[in-house]
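Thanks for making time this morning.

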Amino acid sequence: MIKTSITGMSFHVPEHIVTNADLEEMMDTSDEWIRTRSGIQERRWVKEGEGASDLSIIASESAMANAGVKSSDIDMVIAATVSSDYYFPGVAVQLQEKMGMDTIGAFDLRVGCSAFIYGLSVADQFIKTGQCKTILLVGTDVLSTVLEKDPIGRDVGVLFGDGAGAVILQPSENDSGVLSTHMHSDGKYMKELWVELPGSKFKDRGFSNELMEQRRHRLFMNGREVFRHAVKRFPEVIQEALDVNNLTLNDIAQIIPHQANRRITEAVAKRMGVGTDLIYSNIHRYGNTTAATIPIAMCEAFEEGKFSAGDHIILAAFGSGFTWASAAIKW
Ligand code: ACO
């Protein structure tokens with residue numbers, strides 16, 4: 001069976017750094033509250049006019065250079081994002097056009113924080129069956145433009161940053177590559193972490209003063225429910241990836257989770273009986289960049305020598321939907 005290998009990866013975050021001290025000016029919050037509740041010290045926010053496609057192009061070009069492939073080699077583009085520049089079409093077709101790719105298949109996956117692993121799972125099927133030889137998968141999100149940067153929005157406003165991470169996926173030339181992917185969802189919790197508007201249920205997609213005054217276009221999160229489910233689902237889906245591949249935690253060089261919140265990561269480590277050093281964290285630098293956290297963390301963990309050729313790693317995510325997912329990879 002052909003395996004899917006990550007042959008190139010890179011990431012890009014906006015230049016503009018927003019520190020907790022900057023948020024203190026906007027949101028009636030404090031550095032101490034943010035650090036103790038989330039572990040975040042700073043995040044990057046786009047400048048006006050900059051969208052998810054702009055971040056993605058830079059990350060993608062760099063990942064392609066890392067893999068040694070050209071635009072003409074790419075035979076599918078998947079953008080994992082809930083932040084397309086426009087209501088439709090999505091980011092993937094913008095990448096196809098702006099990066100001069102052939103008229104290949106290009107589409108977005110809207111699965112919130114689990115989207116990168118869902119995208120990896122989809123891409124893996126096309127590589128394994130031989131239908132595609134080189135797929136560009138980008139995880140990107142820009143949530144700063146939907147946050148309320150005032151005291152009303154402080155509960156979620158302090159958590160999110162913007163970014164993009166890209167990988168090139170190709171058939172493996174040896175026994176390394178994606179060993180398995182696992183996807184789950186439970187839609188009864190969809191309103192615990194969602195942005196309601198713009199939506200097709202509403203006249204003019206809900207662009208009315210009345211609905212906007214009710215803040216229906218803003219990100220809503222029931223933080224306690226998210227926490228409660230995340231600390232259960234992360235360990236479950238990590239264990240699933242281990243069991244399917246007859247691996248134990250002792251075989252794993254690094255678990256790279258979606259960077260939701262440092263407290264979630266610490267609770268997951270405790271439940272699984274492992275040290276936090278096994279579970280990578282860079283949330284202090286970027287905050288929660290939604291679908292971009294995993295590829296960004298994977299790039300930095302690799303650069304820091306947390307894993308190398310021949311090692312096993314596990315990717316794991318939990319997010320809006322609720323959805324959760326994992327992937328086992330032999331590097
Ligand atoms: N700064 C200062 N005070 C704040 C802020 C803020 N940014 N936000 C809320 N508060 C206040 C609240 O108003 C409340 O005040 P009150 O007691 O006077 O009413 C107080 O802080 C405590 O609020 P709680 O919601 O009870 O705080 P809690 O200890 O539960 O922590 C948090 C909130 C951090 C959101 C927590 O529920 C949590 O960690 N949830 C996980 C959610 C998460 O991290 N999601 C990440 C994004 S989703 C994802 O990626 C899957």
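What you see is a predicted model, in which local features need pLDDT of at least 70 and side-chain atom pairs count only at pLDDT 80 or more, while totals for chains, interfaces and linings use all residues. Residues are numbered from 1 along each chain as its sequence is written, and side-chain values use heavy atoms, with hydrogens and water left out.

Let me begin with the ligand, which is surrounded by 21 residues, the closest being Thr29, Arg224, His258, Asn261 and Asn288; a residue is near when one of its heavy atoms lies within 4 Å. By class, this shell holds 10 nonpolar, 6 polar and 5 charged residues, where Ala, Val, Leu, Ile, Met, Phe, Trp, Tyr, Cys and Pro count as nonpolar, Asp, Glu, Lys and Arg as charged, and the others, Gly among them, as polar. Helix α8 (223-244) is one of the elements that supply at least two shell residues, and α8 gives the largest share, with 4 residues. The shell also draws at least three residues from each of domain 1 (4-174) and domain 2 (179-330), with bounds taken from an automatic or database domain assignment.

What is the volume of the second largest pocket? The value is about 200 Å³, and among its 17 lining residues the closest to the centre are Arg215, Arg218, Leu219, Phe220 and Met221. A pocket here is an open set of points on a 1 Å grid over the protein atoms alone, with protein on both sides within 12 Å along at least five of seven lines, and lining residues have an atom within 4 Å of a point. Strand β10 contributes the largest share of this lining, 3 residues.

Finally, the search of the whole structure finds 1 cavity of 30 Å³ or more, a cavity being a set of points where a 1.4 Å probe fits but cannot get out. The largest cavity has a volume of about 50 Å³, and its lining includes Phe234, His258 and Ile264, with no charged residues.

Terms used
Grid points are joined across faces, edges and corners, and a volume is the space filled by probe spheres set on the points.
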